[in-house]
Amino acid sequence: MLKSATAEKILLEFDPQKNNLLLALKEINANFGYISKDNAKKTAEYFSLPLSQIYETASFYDLINLEKAADLVIKVCSGADCVLGGANKIVSEIENYFRIKSGDKFNPKISLEIVSCFGMCAQGPIMVINGKIFEKVTTSRMHEILNEYV
Amino acid sequence: MFENKIEKILTKHWSEIDPLKIRDYLAVGGYSALKKFIKKSNREKILEEIKFSKLSGRGGAGFPTGMKWEMVMSQEKKEKYFICNLDESEPGVYKDRTLAENNPHLLLEGIIVSALVVGAKKSYIYLNGNYEKANNILAQAIKQAQENGFLGEKILDSDYSLQLEIFSGAGAYICGEETALINSIEGNRGEPKLRPPYPAESGLLGMPTVVNNAETIANIPWIVLNGGKRYANCSTKLFILGGAVKKRGVFEASIKTTIKEAIENLGGGILDGKDFWFAQVGGASGRLFLKEELNVPVSGSGAVLVVDKNANIYDLLLSWAGFFRRESCGKCVPCREGTFRLNEIAQRLRDGEISDRDKIAVEDILWTLENTTFCPLGKFAATAWRDAVEKLKIFSK
């Protein structure tokens with residue numbers, strides 16, 4: 001879908017039935033990176049649901065953001081296999097190098113999240129940058145990869 | 001070298017099939033179970049076979065599949081739903097994803113036969129929101145199945161019709177629990193509901209609903225073709241080997257495989273130069289097994305994580321506690337607060353700042369999680385920690 005798509009256009013692709021709500025929210029999130037207040041209101045009107053219901057559903061799911069995401073979103077898997085492979089070292093290296101803390105949302109340019117398993121344990125440690133998955137990441141490879149983004 | 005001398009049911013054609021081509025699947029006899037059901041059998045006969053097969057849920061809970069189907073079949077409501085549970089968010093478990101990516105039509109055939117037998121006209125695959133590759137492969141497979149007359153109206157010119165849709169989740173572990181999964185499809189928060197009523201009576205949109213794990217469903221075509229009694233003697237299961245073993249990945253073996261056999265025969269043994277400490281069986285919510293406890297069958301979802309003596313246990317404790325802190329849905333206080341505090345303590349433990357007060361608190365928190373939470377997530381959060389305290393003696397070092 002084009003980046004220029006408006007929330008109205010996206011919504012029209014779905015029947016205004018509640019069992020399409022999560023799918024519609026995911027689609028808006030995919031296009032805008034998050035659900036803005038404005039788009040949440042539009043979604044509520046389209047589905048004829050109270051605004052609180054939109055937030056009730058949207059706030060539950062990890063893959064739906066309610067705030068604008070940072071320009072660079074780094075995620076590191078914290079599953080047992082990735083952790084045994086050194087994922088925590090990668091996390092603290094990123095924290096020290098960029099002077100950020102995992103989970104904090106203060107920096108609009110870069111954020112670091114510790115996330116749950118991607119189901120790619122045999123290829124771990126797994127790091128995801130703006131949706132792109134990197135396998136078998138070491139601290140030195142992490143620097144190489146991030147240099148391309150920063 | 002050890003040879004896995006079983007008849008493979010789930011992984012048989014993985015290497016010969018291009019998952020994007022239905023004709024590859026048809027070339028190895030694909031969709032003949034669906035043809036057999038429609039042309040030569042009926043719903044009651046297939047249900048009998050499934051009951052003979054003693055097939056049980058492969059998601060971890062192990063509920064008998066035949067019993068689940070019968071409960072829905074006996075309901076008089078006209079509308080019924082069939083849902084394939086491919087949410088699979090347990091850390092360390094990725095067998096269903098591997099299955100769907102390697103042989104999607106085996107899964108589809110299983111879904112179609114199962115849905116028609118239980119009397120559903122509409123079915124869903126509830127897919128983990130992170131599984132993009134599997135999503136593309138399954139979407140393509142559904143299209144091909146429709147073009148070949150295996151899905152849609154009047155399947156193979158019979159009176160059976162079935163719609164199948166992929167419902168891609170949005171990242172929530174608890175949605176693997178069937179009532180939470182149904183809530184999620186309905187557009188709500190993916191929180192579990194109080195049972196009874198069970199989904200078999202009142203599931204999706206209040207209608208009788210079967211929710212089966214993807215691996216369970218993939219066994220159905222073989223049972224339809226070869227009979228339930230034969231299946232009962234040669235049941236297999238997918239195992240996921242991880243951690244300090246030579247071969248990591250997904251393997252098919254007899255359902256009776258013990259932890260020791262899984263590590264040595266499937267995983268190729270522990271890595272050279274490493275010393276076995278314990279194995280965790282069943283993902284992050286799994287129990288820990290010491291060296292002398294390995295002669296029992298692998299239970300639950302089939303994941304075996306081997307941990308060697310050089311591993312940092314505090315990293316692992318934080319991995320477990322952090323996972324359940326993130327995934328606790330917040331509906332009930334003991335789980336929401338318990339997982340939160342356990343995660344805080346795990347962080348202090350890793351940073352070497354643990355106090356005696358924390359050690360006492362851990363005991364209280366674990367008891368509360370084990371005994372007072374609304375759904376099993378709380379119990380899961382406490383399982384590995386409980387074993388770490390009692391078997392690994394993390395506090396008495």
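The model is predicted, so local features need pLDDT of at least 70 and side-chain atom pairs count only at pLDDT 80 or more, while totals for chains, interfaces and linings use all residues. Residues are numbered from 1 along each chain as its sequence is written, and chains are lettered from A, ligands numbered from 1, in the order in which they are written.

**Stop 1: the contact of chains A and B**

Show both chains. The contact takes 28 residues from chain A and 35 residues from chain B. Two residues are in contact if their C-beta atoms, placed from the backbone, lie within 7 Å. Now select helices H2 (21–32), H4 (51–58) and H5 (80–84) of chain A. These are the elements that give two or more residues to the side of chain A that touches chain B. H5(A) gives the largest share of that side, four residues. Helices (H or I, at least four residues) and strands (E, at least two) are DSSP runs, numbered from the N terminus.

Colour the chain A side by residue class. It divides into 15 nonpolar, eight polar and five charged residues. Ala, Val, Leu, Ile, Met, Phe, Trp, Tyr, Cys and Pro count as nonpolar, Asp, Glu, Lys and Arg as charged, and the others, Gly among them, as polar.

**Stop 2: the domains**

Stay on chain A. Select 7–58 for domain 1 and 72–147 for domain 2. The bounds come from an automatic or database domain assignment. Taken over C-alpha atoms, the centres of these two domains of chain A are separated by 30 Å.

Switch to chain B. Six residues of domain 1 of chain B are in contact with seven residues of domain 3 of chain B. The domain 1 side of that contact has four nonpolar, no polar and two charged residues.

**Stop 3: a helix pair in chain B**

Select H2 (32–40) and H6 (104–118) of chain B. Their axes come within 9 Å and cross at roughly 15°. Axes are lines fitted to C-alpha atoms, for helices over the stretch in contact, and angles run from 0 to 180 degrees between N-to-C directions. That angle makes H2(B) roughly parallel to H6(B), the term for angles under 35 degrees.

Show side chains. H2(B) brings Ala33(B), Leu34(B) and Phe37(B) to the contact, and H6(B) brings Glu109(B), Ile112(B) and Val113(B). By class, the residues are five nonpolar, no polar and one charged.

**Stop 4: the loop between H8 and S4 of chain B**

Find the loop between helix H8 (178–185) and strand S4 (209–213) of chain B, where Pro196(B) sits. A cis peptide bond joins Arg195(B) to Pro196(B), with omega about -5°. Pro196(B) is joined to Pro197(B) by a cis peptide bond, with omega about 5°.

Go on to Leu205(B), in the loop between H8 and S4. Leu205(B) is not a glycine, yet its phi is positive, about 50°. Leu205(B) is partly exposed, with 14 other C-beta atoms within 10 Å. A residue is buried if 20 or more other C-beta atoms lie within 10 Å of its own, exposed if 12 or fewer, and partly exposed in between, with C-beta atoms placed from the backbone.

**Stop 5: Glu88(B)**

Finish in the loop between strand S1 (81–86) and helix H5 (95–102) of chain B, which holds Glu88(B). Phi of Glu88(B) is near 35°, a positive value in a residue other than glycine. Is Glu88(B) buried or exposed? Glu88(B) counts as buried because it has 30 C-beta neighbours inside 10 Å.

Terms used:
Angles under 35 degrees count as roughly parallel, over 145 as roughly antiparallel, 65 to 115 as roughly perpendicular and the rest as oblique.
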